[in-house]
Amino acid sequence: MDQALLPGLYIVATPIGNLGDITLRAIETLRGVSVIACEDTRVTGKLLRLLDIKARMIRYDDYASEDDRQRLIETMQAAPVALVSDAGTPLVSDPGFRLVREARKAGVQITSLPGASAAIVALTLSGLPSDRFLFAGFLPNKAKGRADVLAELASVPATLVFYETAPRLGESLAAIAQVLPGREVAIARELTKKFEECRTGTSEELAAHYAAHPPKGEIVLLIGPPLAAEPPTGADVDALLLAALTNEKPSQAAGQVAKATGLDRKLLYARAMELRSQ
Ligand code: SAM
């Protein structure tokens, strides 16, 4: 480092698999700070050993107590402190939001050093429209929460980007097939690592593929934007309602389909009641 770092908070992105993706500036900064705040000292300790960096680490996540956070902010006012997560960019589905917010309120000098983030790597690899995208973190674990979020986002005119785990992928693809039938989906797996893959297709095609080849490793799931608005036909609406009625009461099914299609909820409710009685 040419010059000693000034006191403050340095948000440092680290690789998501391939060590070569760390930036020169990240290495210099991690070497130059007095303290590295990290999610897990074992994970960050391993990275630091590979980079031959010796630094004091302290554990920090968003569940840290207010006192711990304030102590860390006081340290930043006197010395340079880095924030890293286990992998990728801190704050992106990782801890840091509260710390940055409070540090900003306390007038701490904050610098963010860009680097890898799985959401962006996946978006650029997927071939899905990249002019507008909406990053939505992890889908909820429970079926109802997952269907509600998908219905809420169904009409957003942008590529949707989610973080996903291998054991849940099948359930998520099934939910997408139900709530967003026919939409283009991409699964980006093990990005920047030896077995990196990116597979595209409809949720039904991808569900069949991954049922036959259970996925391993880390996953980003992307859903293409709605196709140029052809109004849904009566048969499309019936199919959506029937699918929703397998899990939901008519009022909830109507709400879900109303969110997905923009159609009137009351009319959909009346149709859901008809379908249920047939
Ligand atoms: N902050 C990180 C970032 O900027 O990418 C993300 C942290 S989040 C807790 C972890 C999730 O990111 C994983 O469950 C997976 O969905 C995604 N992820 C991280 N590394 C990945 C990789 N190499 N390939 C695919 N997805 C990855």
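**Reading a ligand site**

Modeller: Start with one contact in this predicted model: a polar backbone atom of A118 is 2.8 Å from an oxygen atom of the ligand.

Biologist: What makes that a polar contact?

Modeller: A polar contact is a pair of N or O atoms within 3.5 Å. Two further pairs can be read here. A nitrogen atom of the ligand has a backbone N or O atom of V92 2.8 Å away. In the side chain of Y163, an N or O atom lies 2.9 Å from a ligand oxygen atom. Of the 580 Å² of accessible area that the ligand has on its own, the protein covers 90%.

Biologist: How many residues surround the ligand, and which are the closest?

Modeller: The shell holds 19 residues, with V92, D94, S117, A118 and I219 the closest. By class, 10 are nonpolar, four polar and five charged.

Biologist: Which strands each supply at least two residues of the shell?

Modeller: Those are β7 (159-165) and β10 (218-223). The largest share, three residues, comes from β10.

Biologist: Why is the ligand said to lie between domain 1 and domain 2?

Modeller: The ligand lies between them because domain 1 (8-116) and domain 2 (119-223) both give residues to the shell around it.

Notes. Residues are numbered from 1 along each chain as its sequence is written. This is a predicted model: local features need pLDDT of at least 70, side-chain atom pairs count only at pLDDT 80 or more; totals for chains, interfaces and linings use all residues. Side-chain values use heavy atoms; hydrogens and water are left out. A residue is near a molecule or strand if one of its heavy atoms lies within 4 Å of it. A polar contact is a pair of N or O atoms within 3.5 Å; within protein, one must be able to donate a hydrogen and the other to accept it, and residues adjacent in sequence count only if both atoms are side-chain atoms. Accessible areas come from the Shrake-Rupley method with a 1.4 Å probe; for residues, only the protein chains shown count as cover. Helices (H or I, at least four residues) and strands (E, at least two) are DSSP runs, numbered from the N terminus. Ala, Val, Leu, Ile, Met, Phe, Trp, Tyr, Cys and Pro count as nonpolar, Asp, Glu, Lys and Arg as charged, and the others, Gly among them, as polar. Domain bounds come from an automatic or database domain assignment.
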